[in-house]
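Hi everyone, thanks for coming.

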Amino acid sequence: MELALLGGSLRPGSASEAVLHLCAGLAAGHGARTTVHTAADLDLPLYRPGALHRAPAARKLVETLRRADGVIIVSPTYHGGMSGLIKNALDHAEELAHDRPAYLDGKVVGVAAVGWSEHGAATAVSALRTTVQSLRGWVAPMAVTVDATGVAALDVPSARAALRADARLMRRLDILVGQVTDFADRHARLSV
Ligand SMILES: Cc1cc2nc3c(=O)[nH]c(=O)nc-3n(C[C@H](O)[C@H](O)[C@H](O)COP(=O)(O)O)c2cc1C
């Protein structure tokens with residue numbers, strides 16, 4: 001089963017990108033084939049409804065979403081919601097409006113967010129859930145909020161190592177990834 005993973009920020013040492021890669025590793029352990037789109041891949045032009053030309057990176061994202069049985073999104077928390085970069089990437093899913101099924105219908109979507117506190121990250125999780133449901137995605141019940149204050153000043157390998165060493169976080173991410181891969185796998189089998 002195919003899993004698309006989107007997330008991260010353009011900040012060097014992005015904690016949400018580190019969490020995204022941890023999710024990808026866990027997903028591979030659950031038997032998923034993964035395609036990861038980090039913030040550099042999602043640094044797309046603002047979505048323009050009706051435009052005839054789409055940037056190659058935007059077309060690639062839409063194709064990845066179209067192919068995926070499930071999706072995992074890890075956003076930084078910006079001002080009480082998901083980052084603009086992630087929201088804009090999800091706005092490009094409007095290109096799936098005329099698919100059958102349309103948008104993310106039939107795809108399970110797991111969400112996680114990173115902030116300066118778990119409480120702050122919960123605001124981004126809530127925004128992600130609303131947007132995913134608007135895209136007709138089937139939101140996984142589990143969501144993960146991450147307090148990044150402990151790893152904010154670390155480089156990517158150190159931040160990844162510190163997050164991986166957090167047993168509670170890894171257990172919660174594994175539940176989230178397990179829900180997404182299990183649902184995606186069952187749905188993919190039913191659809192053949
Ligand atoms: C523009 C901006 C707005 C932010 N707003 C919030 C916020 O509302 N709540 C929160 O908990 N953290 C907030 N933060 C902190 C980020 O969520 C935190 O630094 C997180 O680690 C960013 O993700 P990254 O490490 O992947 O860049 C904000 C950071 C920035 C740069």
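The largest pocket here has a volume of about 360 Å³. It is lined by 16 residues, and those closest to its centre are Thr77, Tyr78, Val114, Gly115 and Trp116. Please keep in mind that this is a predicted model.

Which elements build that lining? At least two residues each come from α1 (15-29), β3 (70-78) and β5 (108-115). The top contributor is β3, with 3 residues. If you sort the lining of the largest pocket by class, you get 7 nonpolar, 8 polar and 1 charged residues.

Now to the second largest pocket, whose volume is about 240 Å³. Its lining has 15 residues, and nearest the centre sit Arg66, Ala68, Pro101, Asp105 and Lys107. Helix α6 (residues 167-191) provides the largest share of this lining, 4 residues. As for the classes, the lining of the second largest pocket holds 6 nonpolar, 3 polar and 6 charged residues.

Last stop: Ser14, which you'll find in the loop between β1 (2-7) and α1. Is Ser14 buried or exposed? Its relative accessibility is 4%, so Ser14 counts as buried, the cut-off being under 20%. What does the Ser14 side chain pair up with? There is a polar contact of 3.2 Å between the side chains of Ser14 and Ser16. Beyond the neighbours within four places in sequence, Ser14 is also in contact with Gly8 and Ser9.

Note on methods. Residues are numbered from 1 along each chain as its sequence is written. This is a predicted model: local features need pLDDT of at least 70, side-chain atom pairs count only at pLDDT 80 or more; totals for chains, interfaces and linings use all residues. Side-chain values use heavy atoms; hydrogens and water are left out. On a 1 Å grid over the protein atoms alone, a cavity is a set of points where a 1.4 Å probe fits but cannot get out, and a pocket is an open set with protein on both sides within 12 Å along at least five of seven lines; lining residues have an atom within 4 Å of a point. Grid points are joined across faces, edges and corners, and a volume is the space filled by probe spheres set on the points. Ala, Val, Leu, Ile, Met, Phe, Trp, Tyr, Cys and Pro count as nonpolar, Asp, Glu, Lys and Arg as charged, and the others, Gly among them, as polar. Buried means under 20% relative accessible area, exposed over 50%, partly exposed in between (1.4 Å probe, protein chains only). A polar contact is a pair of N or O atoms within 3.5 Å; within protein, one must be able to donate a hydrogen and the other to accept it, and residues adjacent in sequence count only if both atoms are side-chain atoms. Contact means heavy atoms within 4.5 Å.
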